[in-house]
Amino acid sequence: DNSPGDGGSTTPVVGVDYPRSDTDFWNSYIKYTPQFATELGLDLKTTNSQNDVAKLTSNVQSFISQGVKGIAMAPQDTAAIAPALQTLATKKIPVVTIDTRPDQGKVFMVVRADNRAYGEKACQFLGTKLGGAGKVVMLQGDLASVNGRDRTEAFSECMKKNYPGIKVFGEATNWDGALASQKLQIRLTEHPDIKGVYMQSSFALAGTLQLLKQRGLLTAPTDPKHVFVVSNDGIPKELQDIGAGNIDATVSQPADLYAKYALHYLKAAIDGKTFQPGPTDHDSTIIQVRDGVLEDQLSAPLVTLDGGTYGGVPSLKPDDKSLWGNNIG
Amino acid sequence: MSGNGKSSTRPPSAPDDGRAPAGPPVAEATDITKRYGSTVALDHARITVRSGETHALVGRNGAGKSTLVSILTGLQPADSGEIRFSGQPAPRPSDRDAWRQQVACVYQKSTIIPQLTVAENLLINRYDRGRSGLIDWRTLRRRARDLLAVWSVDVDVDARAMDLSVEQRQFVEIARALSFGARFIILDEPTAQLDAAAIDRLFDRVRDLQNQGVTFLYISHHLQEIYEICDMVTVFRDARHIVTAPVAELPRSELVAAMTGDATALEAPRSRTAPAGSADVVLDVAALTLDGMFQDVSFQVRSGEVVGLAGSGGSGRTEVAETIVGLRAPHAGTVTVDGRHPRAGSVSAALAGGVGFVPQDRHHQGLVTGMSIADNATMTIPERLGSAGFLSTRRRDAIANTLIDELAIKTPGPDLPVSGLSGGNQQKVVMARALANDPRVLVLITPTAGVDVRSKEFLLDKVDEVAGTGTGVVVASDELDDLRICDRVLVMFQGRIVADMPSGWSDHDIVAAMEGLTVDA
Amino acid sequence: MPESLTAADTATDGPAVTAGRTPRRPVGKLAIARLRDLALVPAIVLIAVVGQIINPVFLKPDNLINIVQTMSEIALLVLAQTIVLVAGKMDLSLESTFGLAPGVAAWLTVAVGTGHGIGLVPGAWSIPVTLVVGALIGIANAALIVRFGLHGFIVTLGMLIVLRGLLTGISGGQTFFNLPESMMYLGNAVWIGIPASIWLCVALFAAGIILLGYTGFGRSLYAIGGNVDAAKAAGIRTDRVLWIALIGASVLAALGGLMLSGRLASVAASQGNGAIFTVFAAAVIGGVSLNGGKGTMFGAFTGILLLFMIQNVLTLAGVPAQWIGALNGAIILIALVVSRITGGRAQE
Amino acid sequence: MPESLTAADTATDGPAVTAGRTPRRPVGKLAIARLRDLALVPAIVLIAVVGQIINPVFLKPDNLINIVQTMSEIALLVLAQTIVLVAGKMDLSLESTFGLAPGVAAWLTVAVGTGHGIGLVPGAWSIPVTLVVGALIGIANAALIVRFGLHGFIVTLGMLIVLRGLLTGISGGQTFFNLPESMMYLGNAVWIGIPASIWLCVALFAAGIILLGYTGFGRSLYAIGGNVDAAKAAGIRTDRVLWIALIGASVLAALGGLMLSGRLASVAASQGNGAIFTVFAAAVIGGVSLNGGKGTMFGAFTGILLLFMIQNVLTLAGVPAQWIGALNGAIILIALVVSRITGGRAQE
Ligand SMILES: Nc1ncnc2c1ncn2[C@@H]1O[C@H](COP(=O)(O)OP(=O)(O)OP(=O)(O)O)[C@@H](O)[C@H]1O
Ligand SMILES: Nc1ncnc2c1ncn2[C@@H]1O[C@H](COP(=O)(O)OP(=O)(O)OP(=O)(O)O)[C@@H](O)[C@H]1O
Ligand SMILES: [Mg+2]
Ligand SMILES: [Mg+2]
């Protein structure tokens with residue numbers, strides 16, 4: 001299915017579908033992508049599926065019509081993408097998925113950080129800081145999101161296993177800051193002795209801090225009233241807040257690496273390269289998830305003020321130059 | 001010139017008998033033109049209303065009367081032409097208060113706001129304010145109560161307007177219009193919804209005001225009213241001014257000729273020959289009762305017979321008719337059509353059983369104005385338009401064309417939306433719909449309401465003709481013209497039939513019976 | 001009451017009179033009515049030309065099929081909504097039915113363990129289950145609106161929230177996958193080189209055109225939407241017609257949802273969320289009146305087609321991700337405004 | 001004649017005639033009107049009792065303050081929508097204004113580098129900017145609806161999509177942080193031990209009650225919503241009143257958005273998304289008619305209060321996350337149905 005127009009020697013056309021454009025994290029990804037495409041010498045076509053897998057399927061179709069040689073996507077619904085992958089497989093167009101791992105079908109490479117690890121890291125940090133006892137609120141994302149679910153499950157399991165003395169209140173928030181704030185407020189009223197908050201994404205960041213401030217709970221970590229707050233994403237604002245002592249930790253989701261390695265693997269696929277499970281040259285490991293699906297598990301570092309190690313999890317300081325949040329804007 | 005109009009008993013309003021009153025006219029419209037798109041509603045029309053007179057404005061449906069009213073009251077500007085009040089140019093269009101000091105109006109279209117209370121409707125936009133600048137509801141209610149007392153309208157000023165009867169609402173409108181203290185009052189078909197007693201009350205009040213020197217512009221399709229209370233009459237036809245003359249100098253036939261542009265006189269009232277007593281009974285109403293509306297109503301209609309169902313508003317005549325056609329389900333009693341009992345409370349069963357129906361008000365129940373004439377006229381007979389639920393547009397249009405010819409509906413074709421027809425023609429479409437299924441029983445409720453004289457004549461002729469083919473007809477109306485074509489008239493009062501008058505009744509008897517003064521036979 | 005007043009009045013004006021003076025019979029009028037149906041065709045052509053200039057892929061058969069295929073499921077919602085709107089009602093809950101009906105089918109048929117279904121009934125039941133759920137929702141709507149006389153907007157707004165919540169409830173917010181074969185068929189089959197969903201969508205719209213224009217039932221819908229009391233007085237069983245319309249609409253929505261689930265081989269907990277905005281926009285751009293009694297199936301079809309063509313062009317044009325929403329919205333708003341202006345009447 | 005008949009007729013059947021026959025005097029009526037205002041009070045009490053039983057935290061002052069504080073911003077949307085609904089219009093775009101207005105303020109005031117603003121104007125301008133953006137949106141709506149006579153539902157549906165897109169556009173989809181002090185004030189200040197936003201919300205509703213019930217402007221809104229031609233004939237400048245109502249509503253929505261932004265110390269690109277459903281549900285449960293001319297501010301307030309109390313109780317009750325939506329929806333639906341049934345009339 002080579003269209004006659006492109007002779008092959010010119011820069012290969014690749015398609016990248018952005019999953020959504022209304023969160024900080026994905027917007028950083030959107031910002032990085034063209035940057036790395038230029039670096040790698042790829043001709044980039046982009047679409048936005050606005051978190052709607054039907055739209056994603058349609059976008060894939062228009063990529064095909066435009067004769068792309070490879071597609072990177074981040075299907076937020078990992079089940080529904082199967083038919084599209086099948087179509088692409090029959091057309092021999094390689095696919096790299098970012099952030100999520102399709103439930104079925106073949107892809108050339110999955111580039112993602114392990115969402116379960118996010119939950120676990122947050123759990124280890126909070127567990128250590130709380131000394132294994134107390135009450136914690138977990139502000140979940142959307143019930144319908146795989147990544148959110150992974151984080152929820154990992155966090156809850158880790159708490160149950162390692163810190164049984166900690167009671168977790170899980171609140172679904174639909175990734176909505178106002179709703180998150182409302183739920184947190186209710187829980188704080190009910191249990192004024194809540195000592196920790198895990199936000200599964202930075203969407204609830206400002207609202208949570210504001211609420212804590214209002215209740216006089218935004219105090220130094222040494223203060224007994226202090227509430228430990230762990231965020232997730234690693235956007236610049238979180239790093240600043242860690243530096244300022246407003247929150248205690250975050251898990252930095254590597255938006256830059258997502259963009260970089262998505263395109264890296266696409267180019268490799270077009271060039272006919274193949275990969276094997278094992279460590280990579282960029283401080284991560286490729287694992288074989290199932291037959292025909294490799295996954296490059298990028299590291300998602302925990303960031304804390306002192307850069308210490310918590311429950312066996314090492315962390316970086318917020319001003320670490322390797323954090324993507326310190327490299328944009 | 002001034003009023004020795006037939007039944008008028010009041011003294012002449014213009015003292016200077018025989019000469020034009022001195023001073024400028026109260027209101028004067030000259031050379032008024034108004035277009036709506038391609039419709040010319042007024043074409044260089046004019047009218048002059050002199051101080052103290054009661055001036056009638058008549059014309060067929062669509063002649064432009066109401067349009068002139070809205071221009072005279074400042075609701076909308078004319079395209080060209082000039083309005084003067086007492087010799088002064090009319091106020092600016094935005095200055096509603098200034099307009100209202102010149103002229104008050106009861107519009108043809110209701111200007112009652114159903115959700116608001118009677119008090120607020122009466123005094124809308126004329127609120128009493130307390131010291132804080134906020135509305136003082138208590139004072140407002142008191143003022144409203146005083147206003148209503150003048151009209152002896154017994155309604156609670158705190159009732160919502162939507163809960164009032166038609167007549168009560170009309171009086172609220174009238175009371176409001178008259179409460180501005182304007183010396184010039186326009187009444188656009190104020191009696192269209194009032195029964196005889198209410199009309200009398202209105203006219204008493206109008207005469208009071210006439211005696212106080214208030215000037216009226218009065219619009220009505222009831223020509224006898226013109227002769228009863230008006231001094232001057234202006235006739236509009238096709239958006240143009242035709243004639244202005246003292247009422248006394250324009251006999252009825254000339255008036256009608258001026259309105260219709262057609263010299264042939266109205267036919268004399270028909271003298272029907274009632275069908276032989278042996279004709280089949282096509283409609284048998286037995287002991288029909290609808291609680292709160294009417295009780296124990298029984299009568300029969302024979303093939304070819306026209307039976308009137310008279311009564312004032314609230315007498316139950318409309319409800320009886322609606323029960324016959326299935327719009328209402330009776331609590332007791334039966335309706336037999338042509339020997340069978342259509343299921344009670346089902347219009348489709350009644351239609352299938354051979355009933356044709358002209359509802360009370362064409363806008364409310366008669367027409368889907370956005371749909372074509374063909375669709376409207378054949379709405380009652382979907383089964384004849386094709387098989388298996390499908391319809392053939394060709395067959396529909398053929399049937400519609402037949403009906404259009406039969407009823408002489410003026411239209412370029414069957415696919416014109418009925419909204420494009422004049423009032424009289426719209427009513428003909430409603431009639432066409434009623435006749436489409438060749439009914440054995442035709443039920444008509446106020447079939448000529450709001451249609452002009454010529455159309456009225458045509459429609460009543462049609463009824464006569466249909467009866468001639470063996471259909472039994474019920475005419476529920478309080479208009480004497482409608483009842484005149486009947487072989488006999490049943491008069492209802494407070495939900496019961498109180499009189500059965502064979503043809504040949506006098507107007508007085510029937511009006512008296514409708515008022516509840518039964519003349520024993 | 002005052003509403004009918006307005007309706008009657010506004011109808012009075014308009015172009016009728018000129019026609020009134022030419023005393024010929026048939027001809028003209030119908031042609032104009034048909035023309036109004038074609039109101040969006042110039043816009044569609046325009047978008048096609050613009051699209052082709054922006055990206056030569058636009059007019060390739062592949063891309064055209066892509067457009068119609070992606071719109072086919074939502075188009076069924078538009079079809080359903082048009083029926084309801086013509087009858088003078090509104091059904092906001094269609095978007096939730098679109099997700100819940102196949103969701104319930106998946107929940108009941110997907111085996112335990114393979115995709116968080118409960119595997120109660122065999123896979124072959126999935127299509128009947130979907131349609132039955134659609135019908136039940138329609139019955140609930142109709143009961144509340146027709147039987148109890150509640151306001152359609154309010155009832156279906158409430159239903160929208162409840163049904164969406166039910167889908168989240170049974171799915172636990174997760175996506176159902178490993179759907180039974182029968183559920184996947186409609187969304188994936190290809191008949192004579194063209195996806196089945198396109199055939200189905202086009203066939204249903206053709207049926208819709210016939211239904212609205214050439215059956216007694218269809219004319220009843222217009223009559224009821226135009227003036228329900230007049231329809232009643234003409235012997236139309238208004239309640240029955242409304243029941244059928246509301247139930248039929250829900251079943252169509254369920255069918256649309258089924259097709260989408262098939263195409264995506266899954267039912268997401270969010271399936272259909274927000275679709276109602278697009279549906280209303282398409283119907284209205286296509287000339288269907290929100291006040292009832294007006295509009296055609298063909299017009300509605302051009303409405304949804306136009307919207308999806310616009311989206312496709314925007315995608316092909318590579319508009320920056322964060323501005324697609326605003327641009328799409330602006331084009332819709334302009335289309336709405338223009339279609340209302342050219343459609344004449346201010347208020348409808 | 002015919003037109004006025006229409007209005008009259010509907011009343012002829014049914015209870016109208018009887019009303020005409022029972023000439024009872026003052027007492028009752030007004031009291032009943034007031035009572036109707038209180039229709040939701042029993043439901044509120046019921047929820048409070050249930051809540052207290054489920055979790056004794058419910059009636060603690062802290063929790064009550066929570067409820068009112070979290071609802072205060074959306075309540076302003078309800079207030080705004082009520083004004084528009086009473087005047088017989090609808091404004092769907094309020095939910096987008098709720099996000100866009102503070103979004104623009106943040107975009108213009110937040111310094112470059114600290115949070116992807118463009119730092120064009122000093123922070124002190126943020127409140128005026130928010131309100132001006134609200135007013136501009138209101139002007140756009142009013143121009144299209146009042147000036148050009150387009151259908152309010154259609155216009156504001158289009159605006160909803162455009163404005164939402166604009167916010168995504170200027171924010172690049174990201175959340176604005178590091179808002180200027182002045183933007184944070186209203187959402188955070190505490191006056192006499194109670195959050196400023198509660199004071200503000202209650203004060204504005206009190207003002208709303210006076211506006212609708214005791215000023216000429218308020219009564220004009222009812223008159224216009226009830227019968228616009230009649231209002232015109234009564235000398236009400238209907239166009240001007242509608243302009244003011246639509247602009248005022250947008251400004252109120254902007255203010256509500258500002259308060260939320262302040263409370264959350266940020267403006268998310270999705271701020272307000274989906275809020276319109278809640279807003280309509282609250283207004284309608286509170287007895288405001290979608291057909292205009294009916295409803296009170298107090299009723300609307302009880303509507304939104306009830307919804308937030310329900311949410312609070314559901315959260316405190318620890319209902320499983322996936323069923324909260326369905327339960328919440330079911331309660332709303334029941335409330336809608338019950339409020340319509342007790343409210344009398346079928347059609348409104
Ligand atoms: N608002 C309007 N828009 C368009 N046309 C109108 C409007 N109002 C009136 N017309 C048209 O202007 C003409 C005159 O109407 P008008 O209402 O003045 O008639 P009328 O003499 O009062 O009739 P009737 O006796 O039926 O009340 C009619 O053809 C009518 O259709
Ligand atoms: N309200 C209206 N809207 C649109 N067109 C109208 C309206 N009224 C009248 N017309 C048009 O103007 C023409 C003349 O109207 P007019 O009312 O004078 O008819 P007519 O001959 O008096 O009929 P009728 O006997 O029904 O009154 C009609 O044939 C109709 O096409
Ligand atoms: Mg005429
Ligand atoms: Mg008139």
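Student: A:L139 stands opposite which residue in β7(A)?
Tutor: In this predicted model, the residue opposite A:L139 is A:E171 of β7(A). Strand β6, residues 134-139 of chain A, pairs with β7(A) in the parallel sense over six bridges.

Student: In what order do the strands of the open sheet in chain A run?
Tutor: Seven strands form it, in the order β7-β6-β8-β9-β10-β14-β15, and the pairing is mixed. At its edges stand β7 (166-171) and β15 (315-316) of chain A; each has a single partner strand, so one side of each is left without a neighbour in the sheet.

Student: Why is strand β5 of chain A called largely enclosed?
Tutor: Five of the five residues of β5(A), residues 109-113, are buried, so the strand is largely enclosed by the rest of the structure. A:M109, A:V111 and A:A113 point one way, A:V110 and A:R112 point the other way, and all are buried. In a regular strand, side chains alternate between the two faces of the sheet.

Student: Which strands does β5(A) pair with, and how many bridges are there?
Tutor: Strand β4 of chain A, residues 95-98, pairs with β5(A) in the parallel sense over three bridges, and A:T97 stands opposite A:V110. Strand β13 of chain A, residues 293-298, also pairs with β5(A) in the parallel sense, over four bridges; there A:Q297 is the bridge partner of A:R112.

Student: Why is α14(C) called oblique to α8(D)?
Tutor: The axes of α14(C), residues 275-285, and α8(D), residues 152-171, cross at roughly 130° and come within 11 Å. Perpendicular ends at 115 degrees and antiparallel begins over 145, which makes α14(C) oblique to α8(D). The crossing is left-handed.

Student: What makes up the contact of α14(C) with α8(D), by class?
Tutor: From α14(C), the residues C:F277, C:F280, C:A281 and C:V284 meet D:F153, D:I154, D:L157 and D:L160 of α8(D). The residues of this contact divide into eight nonpolar, no polar and no charged.

Student: How do α4(A) and α5(A) cross, and which classes of residue make their contact?
Tutor: The axes of α4(A), residues 115-130, and α5(A), residues 146-162, come within 7 Å and cross at roughly 40°. The crossing is right-handed. The contact of α4(A) with α5(A) has eight nonpolar, six polar and six charged residues.

Student: How do you know whether C:Q81 is buried or exposed?
Tutor: Buried means under 20% relative accessible area. C:Q81 has a value of 0% and is therefore buried. This residue lies in helix α5 of chain C, residues 61-86. Setting aside residues up to four places away in sequence, C:Q81 touches C:M90, C:D91, C:L94, C:I276, C:V279 and C:F280. Its C-alpha atom is separated by 9.4 Å from that of C:L252, 171 residues apart along the chain.

Student: What does chain C consist of, and what share of its residues is buried?
Tutor: Its secondary structure comes to 16 helices and two strands. Buried residues make up 61% of the 348 residues in chain C.

Student: Why is helix α1 of chain B called largely enclosed?
Tutor: Seven of the eight residues of α1(B), residues 65-72, are buried, so the helix is largely enclosed by the rest of the structure. The buried residues are B:K65, B:T67, B:L68, B:V69, B:S70, B:I71 and B:L72. Just after α1(B), B:G74 takes a positive phi of about 80°.

Student: Why is A:K92 called exposed, and what is B:N125 called?
Tutor: Exposed means over 50% and buried under 20%, with partly exposed in between. A:K92, at 71%, therefore counts as exposed, and B:N125, at 28%, counts as partly exposed.

Key: Residues are numbered from 1 along each chain as its sequence is written. Chains are lettered from A and ligands numbered from 1 in the order in which they are written. This is a predicted model: local features need pLDDT of at least 70, side-chain atom pairs count only at pLDDT 80 or more; totals for chains, interfaces and linings use all residues. Side-chain values use heavy atoms; hydrogens and water are left out. Two strands pair if DSSP finds at least two bridges between them. Buried means under 20% relative accessible area, exposed over 50%, partly exposed in between (1.4 Å probe, protein chains only). Axes are lines fitted to C-alpha atoms, for helices over the stretch in contact, and angles run from 0 to 180 degrees between N-to-C directions. Angles under 35 degrees count as roughly parallel, over 145 as roughly antiparallel, 65 to 115 as roughly perpendicular and the rest as oblique. A crossing is left-handed if the near helix is turned anticlockwise from the far one by less than a right angle, and right-handed if clockwise. Contact means heavy atoms within 4.5 Å. Ala, Val, Leu, Ile, Met, Phe, Trp, Tyr, Cys and Pro count as nonpolar, Asp, Glu, Lys and Arg as charged, and the others, Gly among them, as polar.
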